[in-house]
Amino acid sequence: MWMSFASQAFVATCQPDAPFDFENEEILTHFAILDLPTFSDPRGALTVLDGALPFLIKRTYWIYGADGQVRGGHRHQRTRQALIAITGSVSIYMNDGVISDNIVLDSPSRCLLVEPKDWHTMTFGPGSVLLIMSSHPYDRSEYIDTKYD
Ligand code: T46
């Protein structure tokens, strides 16, 4: 896996044969976007998420039917998440208390990592489906609803 810094996020191009080292995982300090390997041929495209996440997935959910809506508006105490707009376009506002950015997810091969410290809101474009993979089971008590100053 190689990484390059672009604006305030960094992009990592993942190789399916280079899984993340879970034992030495680190909390990322910048907004990270994974560029997932995609195999396209005349039959269509196939994108792979294979060992590329810096956490084990305990929960998956997806949000849809939210055209024009703004959702989220919190950060977490421990939950790490990975977001992919499977269809359409979703704009993610991120603020880690130091840096803020709007990151547009508009490709099913683009995956945004949302760390516990990252305050995030999601604004949904028409027909969008947002897939979320999460490091922990659902627990409303670990949400932090207070914005950074
Ligand atoms: C986040 C962003 C990206 C459950 O019962 N189990 C679950 O795993 C989740 C995620 C939600 N729910 C229930 C709780 C609420 O009654 O689903 C309802 C809607 O949840 P919420 O208003 O928290 O949805 P969003 O879109 O504002 O936020 C969600 C996640 O909750 C949050 O952790 O990071 O998506």
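This is a predicted model: local features need pLDDT of at least 70, side-chain atom pairs count only at pLDDT 80 or more; totals for chains, interfaces and linings use all residues.
Student: How many helices and how many strands does the secondary structure of the chain contain?
Tutor: Read along the sequence, the pattern is β-β-β-β-β-β-β-β-β-β-β-β-β-β. The secondary structure therefore comes, by runs of DSSP states, to zero helices and 14 strands.

Student: What share of contacts between residues at least 6 apart in sequence joins residues at least 24 apart?
Tutor: The chain has 149 residues, of which 42% are buried. Among contacts between residues at least 6 apart in sequence, the share that joins residues at least 24 apart is 72%.

Student: Which element gives the most residues to the largest nonpolar core?
Tutor: The largest nonpolar core has 17 residues, and those with the most contacts inside it are Ile92, Leu105, Leu112 and Leu130. Elements that give two or more residues to this core include strand E3 (31-35), strand E8 (81-87), strand E9 (90-95) and strand E13 (129-134). With three residues, the element that gives the most is E9.

Student: Which residues does Leu130 contact, leaving aside its neighbours within four places in sequence?
Tutor: Leu130 is one of the residues with the most contacts inside the largest nonpolar core. Leaving aside neighbours within four places in sequence, the residues in contact with Leu130 are Tyr61, Trp62, Ile63, Leu83, Ile84, Ala85, Val90, Leu105, Met122 and Phe124.

Student: Is His74 buried or exposed?
Tutor: His74 lies in strand E7 (residues 70-76). Leaving aside neighbours within four places in sequence, His74 is in contact with Asp118, Trp119, His120, Tyr143, Ile144 and Asp145. The cut-off for a buried residue is under 20% relative accessible area. At 12% relative accessibility, His74 therefore counts as buried.

Student: What geometry does the aromatic pair of Tyr138 and Tyr143 have?
Tutor: A search of the whole structure finds one aromatic pair. Tyr138 is exposed, with a relative accessible area of 53%, whereas Tyr143 counts as buried at 17% relative accessibility. The ring centres of Tyr138 and Tyr143 are 6.0 Å apart with 80° between the planes, and the pair is edge-to-face.

Student: Over the ring of which residue does the charged end of Arg75 sit?
Tutor: The charged end of Arg75 is 4.1 Å from the centre of the ring in question. That ring belongs to Tyr148.

Student: How many residues apart are Asp139 and Arg78?
Tutor: The side chains of Asp139 and Arg78 meet in a salt bridge, at 2.9 Å from N to O. Asp139 is in the loop between E13 and strand E14 (143-144), and Arg78 is in the loop between E7 and E8. Both count as partly exposed, Asp139 at 25% relative accessibility and Arg78 at 38%. The pair links distant parts of the chain, with a separation of 61 residues.

Student: Which residue forms a salt bridge with Arg43?
Tutor: A search of the whole structure finds five salt bridges. In one of them, the closest N and O atoms are 2.7 Å apart.

Student: What is the relative accessibility of Asp118?
Tutor: The side chains of Lys117 and Asp118 meet in a salt bridge, at 3.5 Å from N to O. Lys117 counts as partly exposed at 25% relative accessibility. Asp118, in contrast, counts as buried, with a relative accessibility of 1%.

Conventions. Residues are numbered from 1 along each chain as its sequence is written. Side-chain values use heavy atoms; hydrogens and water are left out. A nonpolar core is a set of buried Ala, Val, Leu, Ile, Met, Phe, Trp, Tyr and Cys residues joined through side-chain atoms within 4.5 Å. Buried means under 20% relative accessible area, exposed over 50%, partly exposed in between (1.4 Å probe, protein chains only). Helices (H or I, at least four residues) and strands (E, at least two) are DSSP runs, numbered from the N terminus. Contact means heavy atoms within 4.5 Å. Rings of Phe, Tyr and Trp (its six-membered ring) pair if their centres lie within 6.5 Å; planes under 30 degrees apart count as stacked, over 60 as edge-to-face and the rest as tilted. A charge sits over a ring if NZ of Lys or CZ of Arg is within 6 Å of the ring centre and within 35 degrees of the ring normal. A salt bridge is a side-chain nitrogen of Lys or Arg within 4 Å of a carboxyl oxygen of Asp or Glu.
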